[in-house]
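Biologist: I am new to this structure and would like to learn how to read it. Please take me through it feature by feature.

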Amino acid sequence: MSQATEISNDKLLIRYWDCSGRGMLMRYMAYDAGLDFVDELVSVNDVFLGSWATEEKFSPEFAGPFKALPVVQHRGQTINETGACAQYVAEIAGYMPSDPIARAKAVMICAHIYEDVLITVSDALWEFKDWDRDVIGGFGGPAAGIMLKIANLEDVLQQNDSGFAVGNEISMADFAIFYIVDILTQRFQSVESGPAAIELLFGDKPRIAEHQAMMKARPNIAAYRESEQWARCGRYMSGKGTIGDKTHELDLGPTELEGFEILASKLVTAAA
Ligand SMILES: N[C@@H](CCC(=O)N[C@@H](CS)C(=O)NCC(=O)O)C(=O)O
């Protein structure tokens, strides 16, 4: 069984797999704010494909009351659920707006990115969702998918002169936009049809481009992205990324990059 990092109850700990997935929004906020925290990366190859299903998953100290990752631990408590964890980190990092409407807008943007883009794409990578029906398209039909969701983010930035997603200062929503645009771009850059997909999704989005540049230039974000700790998880959208080519021999279907090539070529075909 993987050992949970031993820390004093007072110190914040973020525990998640060694990929970006559900963990990266809170990591970016914690690093950017310079929080004193433990960034525990759990190996997909060693733990998820090893003892997880019989051991760590059922340890409340490791995987929380809901038996999954991420968890945030602080002041003797263990919190599950990505939304709750990210909002908690945002609160203590100072990235949760205090005004109720601004707060609702920040949470709205994060939920849109999480539910409608990140988890939809991740589920399709794991073959739990369908690329055409659920990613290229959506509940509202073939035009309600990822192209529309990314255009929504451009609109959010366009409608606010400050350059931030909500109000006049940085919030959790800015980190969420930064993360999703960055991880999609990174993964598409590694596959054949990816550059065309990047152009389709982001080529006509000047506000997103400015926003990415602003976020990348933040000193603590830049330093984190240069670090070994980031290199262990930051390139992989899902746990499949860390498994690499072994997904085939393990009967887990296409690799993460093969999944991104499927998505990129489908986007290009749909736009033709
Ligand atoms: N609803 C939860 C889902 C958490 C979840 O499914 N986490 C995955 C990793 S991304 C996990 O730990 N899966 C292992 C398992 O459920 O046994 C959330 O949003 O945080």
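**Loops and backbone angles**

Modeller: Let us begin with D251, which is found in the loop between α14 (246-249) and α15. Helices here are DSSP runs of H or I with at least four residues, strands are runs of E with at least two, and both are numbered from the N terminus. Residues are numbered from 1 along each chain as its sequence is written. This is a predicted model, in which local features need pLDDT of at least 70 and side-chain atom pairs count only at pLDDT 80 or more, while totals for chains, interfaces and linings use all residues.

Biologist: Is D251 buried or exposed?

Modeller: D251 is exposed, because 6 other C-beta atoms lie within 10 Å of its own. The scale is: buried at 20 or more, exposed at 12 or fewer, partly exposed in between, with C-beta atoms placed from the backbone.

Biologist: What is the phi of D251?

Modeller: Most residues other than glycine have a negative phi, and most peptide bonds are trans. D251 has a positive phi near 65°, though it is a residue other than glycine. E127 is not a glycine either, and its phi is positive at about 65°. You will find E127 in the loop between α5 (100-125) and α6 (131-136); it counts as partly exposed, with 13 C-beta neighbours inside 10 Å.

Biologist: Which residues does a cis peptide bond join?

Modeller: Look at L69 and P70, where omega is about 15°. P70 sits in the loop between α3 (60-63) and β3 (71-74).

Biologist: Where is the place of V166, and is V166 buried or exposed?

Modeller: V166 is in the loop between α7 (146-158) and α8 (172-189). It is buried, because 24 other C-beta atoms lie within 10 Å. Leaving out residues up to four places away in sequence, V166 touches P97, A102, K105, A106, S171 and A173 (contact: C-beta atoms, placed from the backbone, within 7 Å).

Biologist: How do I read a pair of packed helices?

Modeller: Two packed helices are described by the angle between their axes and the distance between the axes. Helix α1 (residues 24-32) packs on α8 at about 120°, with the axes 9 Å apart (axes are lines fitted to C-alpha atoms over the stretch in contact; angles run from 0 to 180 degrees between N-to-C directions). So α1 is oblique to α8 (under 35 degrees is roughly parallel, over 145 roughly antiparallel, 65 to 115 roughly perpendicular, the rest oblique). M24, L25, Y28 and M29 of α1 meet M172, F175, A176, F178 and Y179 of α8. By class, that contact has nine nonpolar, no polar and no charged residues (nonpolar: Ala, Val, Leu, Ile, Met, Phe, Trp, Tyr, Cys and Pro; charged: Asp, Glu, Lys and Arg; polar: the others, Gly among them).

Biologist: At what angle do α9 and α15 pack?

Modeller: Helix α9 (residues 194-202) and helix α15 (residues 256-271) pack at about 55°, their axes 8 Å apart. So α9 is oblique to α15 as well. G194, A196, A197 and L200 of α9 make the contact with F260, A264, L267, V268 and A271 of α15. These residues divide into eight nonpolar, one polar and no charged.

Biologist: Which residues are around the ligand?

Modeller: They are W17, G21, R22, K57, A68, L69, E81 and T82 (near means a C-beta atom, placed from the backbone, within 6 Å). This shell has three nonpolar, two polar and three charged residues.

Definitions and conventions. Two residues are in contact if their C-beta atoms, placed from the backbone, lie within 7 Å.
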